[in-house]
Amino acid sequence: MLQTSNYDSLLIRGGRIIDPFTDRDEIGDIAVVNGVVARAPTNNAHVIDASGWIVCPGLMDIHVHLREPGQTHKETIETGTAAAVAGGFTFVACMPNTKPPLDHPDAIRSVLERARNAGHCQVGPIAAITKGRSGNTITDFGVLLDTGVVALSDDGDGVDDDSVMRAAFESAREVGAVLIQHCEYKAISAAGVMHLGDVSRRRGFPGLDPRSEEAMIERDIDLCRETSSRYHVAHVSTARAVDLVRRAKAEGLPVTTEVCTHHLVLTDEACAEGDPNTKMHPPLRPWADVEECRRGLLDGTIDCIVTDHAPHTVEEKAAGFLRAPPGIVGLETAVGLAAQAMIESGLADWPQLVAWFTAGPTAVLNRRPRPIEVGARADLSLLSPLSRWTVDPQRFVSRGRNTPFSGWKLTGKAIGTVQGRRVAVSPGARLKSSQQPAEDFR
Ligand SMILES: [Zn+2]
């Protein structure tokens, strides 16, 4: 459970303020009065001792499955957004592969209303590219954008048909929408349950050909070149796919991409025991692909880190490796796993990591930057970069327990968020706080 409190006057004292929107990185205090960042706190402010912590703009995850409507046994908008806050996120974009799918303005309005009622964080719905996510007829992008969607995707499936995808690119250009593609040609991936390679052959599991991902990216980059319309590759996972995006960017095409936390830390060797919690789409890949995903982040080919948070029930995952649905939960392990992949490895530092969760996704979705500045609504994450902790799925705020990271020891953790007057603290995290006059405000 999140612990939440509201404060009219708050002083976050002595944290390392990292703001990728303004390139700020310094120790300092942040005052929040009536939910807005202020020059100084009022007297009798509630003081949070943030020494040793990072204070940064609220993290964003632009690839999340909230499962509502229709699959609330897996997750709800309420539990999913609470899990997001526990992971340090103040914004999630949710995918449309719900039941029924988010392909109509009424469905979008309903998601936004439920998210508002839950009150945990901002939700940006992603609407389906095609009606019913059937891949046949595109939805009305203009009307959906007016309702508040942040992008369009048939995630869970790719749009196979060339003419339908061309129509999507043309419509997206007209209305200025971002298309997000789950790149997987079903005809190529077929019945594959894990990466096609040494491990799948050894285990005798049906292999999923990486060409299914790469071929669709190639087709889409061609369409992007023809239409100059914004295109985002969801969960890039192979070295060749990363390189396709790298070359498209070098050509000046409006192409962006994201990588999932699990694709930065696990290889297909993790599937060798047949644990259904290592089954996901796209699948875990060999080390060379993991390395290239890390390199892609460092050289700017990959714009942001996402979780592809995909909750399933224990019963569903108990169906075994071949039959269990693909996907794992990720919101509450994202910061620790990303830190392990990119910081403990010596590849990157915290300002870079924070940018992959803030400025990166903001640019992908063409959203307004949210610098920490006087007069702005408080929208902050508190991170503890040195906290050592052990992943315990039973303590997740999410309804999902499906993670391959149970028992992993991670360094770096989200403490919580400050959104407006509301301070929300992750389970197990503690604030050192006091009620005192803030006489020595920095
Ligand atoms: Zn997907």
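Analyst: The account below begins with the metal site and ends with the nonpolar cores.

The model is predicted, with local features requiring pLDDT of at least 70 and side-chain atom pairs counted only at pLDDT 80 or more, while totals for chains, interfaces and linings use all residues. Residues are numbered from 1 along each chain as its sequence is written, and side-chain values use heavy atoms, with hydrogens and water left out.

A zinc ion is held by Asp 155 (OD), His 182 (ND1) and His 235 (NE2) at 2.0 to 2.2 Å. Donors here are N, O and S atoms within 2.8 Å of the metal (3.2 Å for Na, K and Ca), and sites may look incomplete because water is not among the atoms. Along the sequence, these donor residues follow the spacing D-x26-H-x52-H. The two histidines link distant parts of the chain, 53 residues apart: His 182 sits in the loop between strand E11 (179–181) and helix H5 (186–189), and His 235 in the loop between strand E14 (231–233) and helix H8 (239–250). Helices (H or I, at least four residues) and strands (E, at least two) are DSSP runs numbered from the N terminus.

His 182 is buried, at 4% relative accessible area, and His 235 is buried as well, at 2%. Buried means under 20% relative accessible area, exposed over 50%, and partly exposed in between (1.4 Å probe, protein chains only).

Thr 256, in strand E15 (residues 255–260), also counts as buried, at 11%. Its side chain makes a polar contact with that of His 232, at 2.7 Å. Such a contact is a pair of N or O atoms within 3.5 Å; within protein, one must be able to donate a hydrogen and the other to accept it, and residues adjacent in sequence count only if both atoms are side-chain atoms.

Helix H12 (residues 334–344) is mostly covered, with 9 of its 11 residues buried; among them are Val 335, Leu 337 and Ile 343. Gly 346 follows the helix, with a positive phi near 85°.

The largest nonpolar core has 98 residues, of which Val 92, Leu 179, Trp 350 and Leu 383 touch the most other members. A core is a set of buried Ala, Val, Leu, Ile, Met, Phe, Trp, Tyr and Cys residues joined through side-chain atoms within 4.5 Å. H12 supplies the largest share of this core, 8 residues. Setting aside neighbours within four places in sequence, Trp 350 has contacts (heavy atoms within 4.5 Å) that include Val 335, Ala 339 and Ile 343. A second, separate core of 20 residues includes Ile 12, Ile 48, Leu 382 and Val 418.
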